[in-house]
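Please brief me on one helix pair and one set of paired strands in this model.

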Amino acid sequence: MIKIDEIPESWSKDQRKIYEIYSDYFKDSKDAINPEVVDEFEKLLARWLGESQLKIVSWNCNGKFREKFNEIISEDADIYVIQECENPEESKNEDYMEFAGDNYFWTGNLHYKGLGIFAKENIILEEITNSNEEFRHFIALRVNDSFNLLGVWAMPKYVEMIHDYFDANEELFNENLVMCGDFNSNVVFNGHHPKAKNHTKLNEKLESKNLFSVYHSVTGDEQGFEKSKTFYQARHLNNPYYLDFLYAGENAVKDFKILDHYKWITLSDHLPLVFKI
């Protein structure tokens, strides 16, 4: 029995829970504490948790995804949430069709530019049905019967559309949701929208459901004062904005990064977001 006088601060909530179950099961054991075994136990837990995480990429590919998917799959993600991609069913590109496989969902008004969520074959995706079919650029899925994933490609009127979706599907929004995509919005554009439907108000709505912007939680940057950017208008480095977001429950995301603009600006005006759940 591994007995620990004090749980290491580095342990996650899941690690702590596993140890509670483990120690309760062996509570009658009288084995002495062995620091080396404790250390090994922590490493095993961390490795197990790492292997059980799902890697997700969200990216507005700026069209012609059939010519770019080979670049993004180098991330070896389990799920790709791609904005401005073609409908694989109507594509003539065999490589792109093979990449999409059968485990994907796609929506859009134009067959060459929509929203797609693509997953590895071992990932179970179940569509969450709602009665608001007019929201063509949102996809809500249940992933591995574990959490809900909402892909977003906000079209005009941008953040106002997200407000409308939230109001029509409020039951979907809770700490078990992961929401990501191209919001085409930021608090710097608040003046372009009614106060009740601007980006600041959206943050308030999401935070009331225990959903927080992961970038801002990780960096401590204030909304509208982001040091890193995700969008470069016309692919010019001197015209950047933060328009791509990831919202999730507190501590739900184990890792988060924005990929390097020097490479990805050659492929799109948006940078990919990469994270683990």
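The notes below cover the basis of the model, then the helix pair, then the strands.

This is a predicted model, in which local features need pLDDT of at least 70 and side-chain atom pairs count only at pLDDT 80 or more, while totals for chains, interfaces and linings use all residues. Residues are numbered from 1 along each chain as its sequence is written, and side-chain values use heavy atoms, with hydrogens and water left out.

**Helix pair**

- Helix H5 spans residues 159–168 and helix H6 residues 199–208; they pack at about 25°, with axes 10 Å apart.
- Axes are lines fitted to C-alpha atoms, for helices over the stretch in contact, and angles run from 0 to 180 degrees between N-to-C directions.
- H5 and H6 are therefore roughly parallel to each other (angles under 35 degrees).
- On the H5 side, the contact (heavy atoms within 4.5 Å) is made by Val-159, Ile-162, His-163, Phe-166 and Asp-167; H6 contributes His-199, Lys-201, Leu-202, Lys-205 and Leu-206.
- The residues of this contact between H5 and H6 comprise five nonpolar, two polar and three charged.

**Strands**

- Helices (H or I, at least four residues) and strands (E, at least two) are DSSP runs, numbered from the N terminus.
- Strand S2, residues 79–85, is mostly covered, with seven of its seven residues buried (under 20% relative accessible area, 1.4 Å probe, protein chains only).
- Strand S1 (residues 55–60) runs parallel to S2, joined by five bridges; two strands pair if DSSP finds at least two bridges between them.
- Asn-60 has Gln-83 in S2 as its bridge partner.
- Strand S4 (residues 113–119) pairs with S2 in the antiparallel sense over six bridges.
- Gly-116 in S4 stands opposite Ile-82.

How values were computed: Angles under 35 degrees count as roughly parallel, over 145 as roughly antiparallel, 65 to 115 as roughly perpendicular and the rest as oblique. Ala, Val, Leu, Ile, Met, Phe, Trp, Tyr, Cys and Pro count as nonpolar, Asp, Glu, Lys and Arg as charged, and the others, Gly among them, as polar. Buried means under 20% relative accessible area, exposed over 50%, partly exposed in between (1.4 Å probe, protein chains only).
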